[in-house]
Amino acid sequence: MNKPLIGLTTTRMPNPSGRPAFGTNVPYTRAVSNAGGLPVLIPLELSSDDLDALLPRLDGILFTGGYDIDPQEYGGQLHPKVENIDHTRDKNETHLVQAVVEAGKAFLGICRGLQVINVALGGSLYEHLPDQLPGEVHHDNHGQPSNFLAHSVSVESNSQLANILLSNQAQVNSLHHQGVRRPAHELLPTAYSPDGLVEAFELPGDSFGLAVQWHPEELQEHESMRRLFQAFIQSCQVVNSL
């Protein structure tokens with residue numbers, strides 16, 4: 001049986017030579033590969049027509065993490081802590097989210113990936129959690145190791161995520177300063193941090209559509225986080241075999 005082809009969104013990466021470059025962090029590709037998928041990087045500057053031509057050849061999409069989404073994309077306000085906006089990435093990922101949902105194709109969103117899925121489907125974000133979410137858990141832990149378990153999340157017991165994790169509780173890392181303010185109406189929130197912030201949502205339906213605010217690719221020493229990637233790849237494998 002052929003391994004499913006998984007498209008990974010990319011970001012602009014530092015290049016010592018100063019030349020333009022894009023890519024993604026290795027843990028994303030490693031987690032997909034270890035779960036049985038074939039990771040393929042999606043170039044940042046493809047046209048909408050090229051994205052539409054690429055999508056049918058992929059068995060699933062992983063929307064990776066990265067920098068901040070332009071608040072104008074969700075009717076928000078500019079904030080001094082909103083940094084490194086990439087309009088090309090915002091535009092292309094918005095198009096890709098909408099196309100994936102319309103096509104009923106499997107997807108997994110991580111951190112920024114969760115946020116861009118929410119925005120693309122009509123939801124909004126907090127521009128900077130410390131200023132906008134009273135009693136906020138410390139979500140931006142970039143000063144810690146990437147696998148530092150920052151806080152717990154509570155998972156809805158009847159959700160797909162709880163069935164994958166085999167639990168309605170999880171300890172997660174946390175590497176973000178923005179988050180879901182208003183979930184898109186199509187999305188079903190299924191996990192929350194202790195301060196009430198949405199930490200995961202699902203797209204109800206027959207295909208796999210799930211996103212988490214934490215970084216499970218950095219937590220692959222934990223079986224539950226490996227199962228998240230395995231469930232995603234297995235859903236793509238089923239489509240691949242039809």
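Modeller: The model is a predicted one. Nine strands make up an open sheet with mixed pairing, in the order E4-E1-E5-E6-E13-E12-E11-E8-E9. The edges are strand E4 (38–42) and strand E9 (169–172); each has a single partner strand, so one side of each has no neighbour in the sheet. From one strand to the next, the twist averages 25°.

Within this order, strand E5 (residues 60–63) pairs with strand E6 (residues 106–110) in the parallel sense, over four bridges. Phenylalanine 63 is found opposite glycine 109 in E6. Helix H3 (residues 87–103) packs on the sheet and touches strand E1 (5–9), E4, E5 and E6. The direction of H3 makes about 145° with that of E5. Helix H4 (residues 112–120) lies across E5, E6, strand E12 (198–202) and strand E13 (209–212). H4 runs at about 120° to E6.

Phenylalanine 208 and phenylalanine 232 have ring centres 5.6 Å apart and planes at 45°, so the pair is tilted: stacked would need planes under 30 degrees apart, and edge-to-face over 60. Phenylalanine 208 lies in the loop between E12 and E13, and phenylalanine 232 in helix H7 (residues 223–241), so the pair ties together parts 24 residues apart in sequence. Phenylalanine 208 and phenylalanine 232 are both buried.

Note on methods:
Residues are numbered from 1 along each chain as its sequence is written. This is a predicted model: local features need pLDDT of at least 70, side-chain atom pairs count only at pLDDT 80 or more; totals for chains, interfaces and linings use all residues. Side-chain values use heavy atoms; hydrogens and water are left out. Two strands pair if DSSP finds at least two bridges between them. Helices (H or I, at least four residues) and strands (E, at least two) are DSSP runs, numbered from the N terminus. Axes are lines fitted to C-alpha atoms, for helices over the stretch in contact, and angles run from 0 to 180 degrees between N-to-C directions. Contact means heavy atoms within 4.5 Å. Rings of Phe, Tyr and Trp (its six-membered ring) pair if their centres lie within 6.5 Å; planes under 30 degrees apart count as stacked, over 60 as edge-to-face and the rest as tilted. Buried means under 20% relative accessible area, exposed over 50%, partly exposed in between (1.4 Å probe, protein chains only).
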